Each structure stands twice: as structure tokens, then as C-alpha cells.
Amino acid sequence: MRLRLIACLALTAGLAAGGAARAENDQSIEGIEKYREALRDGNPAELFEAQGEELWKKPDGPKKASLEKCDLGLGAGVVKGAYAQLPRYFKDTDRVQDAESRLLTCKEKLQGIDVGPIIKAPFGSHEKDDMNALVTYISGQSKGMPVKVSLSHPKEKAMFNLGKRMFYYEGGPYDFACATCHGQSGARIRLQELPALATTKGAPVGWTSWPAYRVSAGQMWGMQWRLADCFRQQRFPEPNYTSDATIALSMFMSALSKDAKMDTPGIKR
Amino acid sequence: MKNIVKLVALLPLLAAPALAGSNATDWGKGAGDAAFSAMLKNSFHDKGIATLSRLKQDATQAFCSDPARATGASKAAVAARAKIEAENLATIKWPTDGKWLGDWKAGEKIAQSGRGMTSSDKAGEANGGNCYNCHQISKAEIAYGTIGPSLHNYGKTRGNSEETMRYTWGKIYNAKAYNACSNMPRAGHMGILTEAQIRDLMALLLDPASPVNQ
């Protein structure tokens, strides 16, 4: 609500000042930018971080175990810095996994939970909200750290290559690919500026700021949700939660973000 | 038998230069056709009207999914794009009654609406044109996207010759007839917009009374 009001104010101010429509738009983007800065001091994502930490430490499932022994890639129980190095190859599952996918593995193995219903539950459900809180907590423990994603394992390299190919895969009734909307820098959809995600400059804009609190929706979104909604806008069928296609795209964006600093959890329009 | 063997032996020789000439992208280890289609097959599910059949590409989409061919400057890529354009041009259905322009007011509404064909839309509802998502059109609308060029004053600068009418209709009906790997949806060809809707959009862009041309 408040965002809309401020954006409207900025738009009206632009109109009153006159000048080219382009300049008016830039002004309104500036207005939203300022609002974002103001919110930075009190990002509502912090609430989700706290909730995620609680879920991490709480015994759950048939095994009445917590997730505190979960191996996110840096050893059992190490959360600090783990998100900045995901996705990565895990020997025990013989799979490249992102944070969400790895969390499901830990829920299954440590807590004995059947993760099928979590995968199937719609976004916005209580199951998915818990997952989003958990990744928000984990990502917060990598805030300020440089992205360090490895491509040394053949399956990691393959995932990167598959992600790149997925990025350009055009289809559906609108002929859209990720590249249609995210293939050039400086382009906008309506007033929303879109980073050129296939470049080392644009990829970190997206990658290092998710999970993010979405002001317009009042929701906390992990990268899995972000991508599912982009596939919706692409007029594609819905990606399976933690599917290889979504992990491959994450591998592609994270590897291009090498050495950029994680700014998670983020805050978005 | 002998002939077939000879033919098979020849194939790699024929295929190799053709591929090299068109500069197809090598996606790298682990991302060959088999691995990629397996990933596609395992990664999605039907949701509402957005079913798995949408992952199947037509020839144009398959071609444009390779950036080296979609934008490459090699002779082979340029020739291949001309062929794709000709194929798309042949799909265009011209207005049945020879009438180019409808109602610009209705056209503005269609241009504003970004609705349609997502997994959260219902079947049978009228689709929007999504035009403002990518184009500046009417001066009054300042929340416009910039993936496409500005269409403000489109009719004022282009006039309303038969040639302009024909090109604009064709572009909206099938954008890839004029630019093989355009980012613009093929609104008529893919059944996103009806003939009547296209006529209204034509009026928005070309009617001298439309605010676009004021």
C-alpha cells in the first residue's frame, strides 16, 4: 500500500515537472529506489530469518530430529557461508542441489519426513512458507560473503551448461525464453527494470538478492518461487519444485555471479 | 544395401560443413540434445491451461533458441533466418473484409492488458496484447516497457499507405515474418489475438484520431 502511494507520488511529481516521458519514468524508478533504501533499515525479511532459524533448530518429523546436523556443503551443521557456495554437487545424492533441494534431502534423511507433499504443495501454502523461511535464514548467514560456486565436478559443469541452454529455450504460445525478458541490459517491462542475467554484470543483480521480501505481494520468495513465477509469465507449464531445470538456471546465474557479494535476504518491489 | 552404407558414410561429411557454416552453438559437456530433453521432460508439470505440450517447439522456436543462429552474422545464419521469415510470412491471414482499422479506444484497452494464457489464467477469456509491457505507445501512459521501440506517433510518421497498413498488420499477426527471431509474440499466428482485436490495435497505431498520433 505504502509503496503504491509513494510510486504514485513520484509519478505525479514527474508529470508536474513536465519533460520527456522517459525522464518521468526515471524519476518514478528513483522514487521506488528511495523507498527500497528506506526499507533496508528494517527489511521484513528479518522476521522470516528468525522464523527460519527456529525451524532449523526445532525437532520435527518421525525421527524427532532438528536440521542442525544438515550438511549444506561445508560439513554437517555448517550454515555460515553455505548459501554463497550453492548450488553444488553432493556425493550422497549424486546430484547438484540448491539450498531448497538440499533442505528436502535433510528433512528426509535426518527427520524422516516424506517430502513429496512439500514438493507438491502450492506456493503460499504453509509447507512452502516454512521452506522459504528456512532458505531465508540460511541465505542470511552468507550476507556480505562472495559467491563461490564451483564448476569443477563434471555434473556441476553440466548443470551450468544445461542452465545456459535453458535460458535461451524459446517456446509456448508467446515464443518467450528467459532471454526475451532478461537478454539485454537497461530494458524494462512496464516500469520494472530487468537485469541482463546472462552476463557477469547482470547475473549478480538477480542472484545475490534472492531470497527476497516482495513488498508488492507482502511475501518472502526463495529463488525457486522467483523462477516458477517467471516460467508462469513465460506461459510455460510450472516447473517442479527443486527440478533440474530450476537448479540448472540457478547454477548458470550463480556461476556468472562469481565473487559478487551476497546481499541476502533481499527486498524487492 | 551398398548404397545405404555409402550414404551413411557420406552423411557426417555433409553435415559437418553445414553445421560449421551456420555456427550452431556448442552448449558444452553434459548439455547435448539427449541430456537437455531429459531435463525438460523431468522438470515440469501441467498447471491449468499451461500444459506440458507447450514445451514442444515449432521449427522457428527451435531455431531461435540458439543465439548463434538467432543473431549470428555468418552467411548460413543470415540465409536460414530469411527462410524462417518467409515461412512465417506465409502464415499471415490478411483481414477478410479488406478493412484495416477498427476502434482505437478498444485498441488502447487491448494494448494495456497483459492478461492471458498463463497457468493462472482461465481458458476462453479474451487475451490482452501485452503491448505496453514492451512499447511506449500513447503519450498519456508513462508506465511502458522498453524491450521494443517506441510506437508513439507511429501513424503520424508512417502515414496510412496500403504498404504501411499491410506491414503493420503483418507485424502484429506474425512478428517473425519480418525479423526471424524477434522478441515480439506472434499474436495472430499463435491465436493470442483475434482478427477484430488486431483491427482495433491497428486503429490505435494508425488512426489519425488516435491519441498515439496527436
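Is A:C230 buried, partly exposed or exposed? A:C230 is partly exposed, because its relative accessible area is 24%, where buried means under 20% relative accessible area, exposed over 50%, and partly exposed in between (1.4 Å probe, protein chains only).

This is a predicted model, in which local features need pLDDT of at least 70 and side-chain atom pairs count only at pLDDT 80 or more, while totals for chains, interfaces and linings use all residues. Residues are numbered from 1 along each chain as its sequence is written, chains are lettered from A and ligands numbered from 1 in the order in which they are written, and side-chain values use heavy atoms, with hydrogens and water left out.

Chain A comes to 11 helices and 8 strands; helices (H or I, at least four residues) and strands (E, at least two) are DSSP runs, numbered from the N terminus. Of the 269 residues in chain A, 57% are buried. The accessible surface of this chain is about 11500 Å², and 55% of that belongs to carbon and sulfur atoms. Accessible areas come from the Shrake-Rupley method with a 1.4 Å probe, and for residues only the protein chains shown count as cover. Contact means heavy atoms within 4.5 Å. Among contacts in chain A between residues at least 6 apart in sequence, 66% join residues at least 24 apart.

The cysteines come next. A disulfide is a pair of cysteine sulfur atoms within 2.5 Å, and over all chains the count by this rule is 2. In one of them, the sulfur atoms of A:C70 and A:C106 are 2.0 Å apart. The torsion about the S-S bond of A:C70 and A:C106 is about 75 degrees, so this disulfide is right-handed. The pair links distant parts of the chain, 36 residues apart: A:C70 is in the loop between α3 (45-57) and β1 (88-90) of chain A, and A:C106 is in helix α4 (residues 99-111) of chain A. Both A:C70 and A:C106 are buried.

In chain B, a disulfide joins B:C64 to B:C181, with an S to S distance of 2.0 Å. The link of B:C64 and B:C181 is left-handed, with -80 degrees about the S-S bond. This pair also links distant parts of its chain, 117 residues apart, with B:C64 in helix α3 of chain B and B:C181 in the loop between α9 (162-173) and α10 (195-206) of chain B. B:C64 is buried, with a relative accessible area of 7%, and B:C181 counts as buried at 17% relative accessibility.

A:C230 is in no disulfide; the nearest cysteine sulfur, that of A:C178, is 7.6 Å away. B:C131 counts as buried because its relative accessibility is 17%.

Some backbone features follow. The peptide bond from A:W210 to A:P211 is cis, with omega near 5 degrees, and A:P211 lies in the loop between α9 (203-207) and β5 (212-214) of chain A. A cis peptide bond also joins A:T264 and A:P265, where omega is about -5 degrees. A:P265 is placed in the loop between α11 (244-256) and β8 (266-268) of chain A.

Two residues other than glycine have positive phi values: A:R190, near 50 degrees, and B:N130, near 65 degrees. A:R190 is in the loop between β3 (188-189) and β4 (192-193) of chain A. B:N130 lies in the loop between α6 (104-112) and α7 (131-134) of chain B, and at 10% relative accessibility B:N130 counts as buried.

In helix α5 (residues 75-89) of chain B lies B:A82, which counts as partly exposed at 42% relative accessibility. The C-alpha atoms of B:A82 and B:Y178 are separated by 8.8 Å, although the two residues are 96 apart along the chain.
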